[in-house]
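Hi,

Here is the structure I promised to pass on.

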Amino acid sequence: MMKINIILPLFARVPSGGTKIMYEYASRLSEKGFNVQIYNCLKTPYYPYSKYKPFFIRKLISLFYDKNKPKPNWFSFDKEVKFNFINNISDDQVRDADIILFTWWALADPVNKLSESKGNKINIIQDYETWTGHENLVHDSYKKDNITNIAISKFVYNVVKSFDSKVSFIPNAIDLLKFSCRKPILKRSNNSFIMMYSKEYRKGSEVGLKAFQKLKKIFPDLELTLFGVSDRGEEIPDWITYLQNPNNLPELYNSHMFFVTNSLVEGWGLPLHEAMASGCVCICTDIVGHSQFIENNPGMLTYEPGDYKSLLNVLKRLLSLENHELDLISENNIKLVQKYDWNKTINQLINHF
């Protein structure tokens with residue numbers, strides 16, 4: 001049985017898109033008979049740890065609270081997947097295996113230094129990860145002789161190809177049985193919107209909020225639901241519904257007619273992907289990270305990133321569409337994302353092995 005080590009930069013206690021993809025790989029590879037071990041680092045280079053959580057505090061939490069088993073309660077794993085914390089990435093902390101999968105640029109250097117017995121090294125690159133700075137180090141992470149790079153989108157592929165001519169492309173996927181259209185678009189509540197909310201600047205939530213507050217004055221019956229992992233911010237008006245860490249995202253998408261994403265940068269855009277598969281009419285920023293959803297999709301409405309007036313104009317136009325136009329856009333979105341199927345993606349990765 002082939003052994004696979006998956007190394008993550010930290011333990012994600014709340015949902016995170018990049019971590020979710022790695023968990024999907026772990027669980028689905030385990031279902032196919034691979035022996036999978038997930039390692040979560042307690043000391044990741046360049047990670048901006050809170051001064052209130054130095055290493056010894058993180059270590060105590062991992063031992064006494066998590067029982068050294070970093071298994072999140074927001075994801076359902078195959079029962080054979082194993083979990084561990086490690087202090088750092090070194091030969092004495094990681095078992096011998098056939099393959100190492102990892103993600104996040106700062107892990108490339110310590111993974112590259114592991115002995116060959118730890119497995120062939122594969123970097124799953126999920127974004128152009130320069131938002132925390134260290135641009136030169138990010139670029140260097142693409143050039144490691146002992147590491148194979150896999151990009152999850154054409155945007156990321158084109159970035160990495162400038163530094164590694166051998167980079168491969170394996171697209172992200174979602175669970176199309178979980179995220180599907182269960183309620184036709186025209187049977188959903190009129191003028192109902194759903195949007196991801198984040199306090200991270202690059203997610204652009206403040207742009208969406210500003211546009212919707214203007215739109216509410218024009219369309220008083222407007223309904224907006226936000227979902228996210230952080231506490232409700234004071235900037236969210238009382239008329240907006242906010243759901244923290246919802247466990248029913250498929251149902252939420254299916255109960256809303258429209259989905260809006262405001263990201264300034266994205267490697268892929270999982271919430272947009274999920275909303276499209278669920279039949280929502282979608283509005284997204286016109287960024288290269290969304291290109292796989294925009295290209296050859298005349299029904300995708302886009303706006304200039306960071307420009308609330310541009311978004312407001314698109315929202316007004318959206319609310320003027322006829323029912324048959326909304327229905328066609330919904331159908332086109334569903335069809336477009338069918339090709340991003342986990343069975344195909346997993347088989348591509350296994351062939352890569």
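Ser198 sits in the loop that runs between β8 (189–196) and α6 (205–218). Bear in mind that this is a predicted model. With a relative accessible area of 14%, Ser198 is buried. Setting aside neighbours within four places in sequence, Ser198 is in contact with Lys203 and Ser205. I also checked Ser198 against Asp127: the two are 71 residues apart in sequence, and their C-alpha atoms are 18 Å apart in space.

Next, helix α1, which covers residues 17–31. Two of its residues are worth a click.

Leu29 is in α1 and is buried, at 0% relative accessibility. What does Leu29 touch, once neighbours within four places in sequence are left aside? The contacts are Ile4, Phe34, Val36, Leu101, Ile346, Leu349, Ile350 and Phe353. Ile346 is the one I would show first: it is 317 residues from Leu29 in sequence, yet the C-alpha to C-alpha distance is 7.4 Å.

Arg28 is also in helix α1, and at 17% relative accessibility Arg28 counts as buried, because the cut-off is under 20%. Tyr142 is another matter: Arg28 and Tyr142 are 114 residues apart in sequence and 26 Å apart in space, C-alpha to C-alpha.

On to strand β2 (residues 35–41), where you will find Asn40. Is Asn40 buried or exposed? Asn40 counts as buried, with 0% relative accessibility. Ignoring neighbours within four places in sequence, its contacts are Leu8, Leu10, Phe11, Tyr23, Pro70, Asn84, Phe85 and Ile86. Three of these, Asn84, Phe85 and Ile86, fall in β3 (82–86).

Helix α5 (residues 154–161) has Phe155, Val156, Tyr157, Val159 and Val160 as its buried residues. Which strands do they pack against? They pack against β5, β6 (147–151) and β7 (168–169).

Then the backbone. Most residues other than glycine have a negative phi. Two residues here go the other way:

- Asn68 has a positive phi of about 55° without being a glycine. Asn68 lies in the loop between α2 (55–65) and β3 (82–86), and counts as partly exposed at 26% relative accessibility.
- His134 has a positive phi of about 60°, and is not a glycine either. His134 lies in the loop between β5 (120–125) and α4 (135–141), and counts as partly exposed at 35% relative accessibility.

How many disulfides are there? The count comes to 0. Cys280 is in no disulfide, and the nearest cysteine sulfur, that of Cys282, is 5.5 Å away. Cys280 is buried at 0% relative accessibility, and Cys282 is buried with a relative accessible area of 0%.

Finally, the whole chain. The protein chain has 12 helices and 13 strands. Its radius of gyration is 21 Å, close to the 20 Å that the globule rule gives for 353 residues, so the chain is as compact as a globular protein of that length. The C-alpha trace spans about 60 × 45 × 40 Å along its principal axes. Of the 353 residues, 54% count as buried.

As for the surface, the accessible area comes to about 16400 Å², and 49% of it belongs to carbon and sulfur atoms. For charges, there are 43 positive and 38 negative side chains, and the centres of the two sets lie 4 Å apart.

Cheers

Methods:
Residues are numbered from 1 along each chain as its sequence is written. This is a predicted model: local features need pLDDT of at least 70, side-chain atom pairs count only at pLDDT 80 or more; totals for chains, interfaces and linings use all residues. Side-chain values use heavy atoms; hydrogens and water are left out. Helices (H or I, at least four residues) and strands (E, at least two) are DSSP runs, numbered from the N terminus. The radius of gyration is taken over C-alpha atoms; the globule rule is 2.2 Å times the number of residues to the power 0.38. Buried means under 20% relative accessible area, exposed over 50%, partly exposed in between (1.4 Å probe, protein chains only). Accessible areas come from the Shrake-Rupley method with a 1.4 Å probe; for residues, only the protein chains shown count as cover. Lys and Arg count as positive and Asp and Glu as negative; His and the chain ends are not counted. The place of a charge is taken as NZ of Lys, CZ of Arg, CG of Asp or CD of Glu. A disulfide is a pair of cysteine sulfur atoms within 2.5 Å. Contact means heavy atoms within 4.5 Å.
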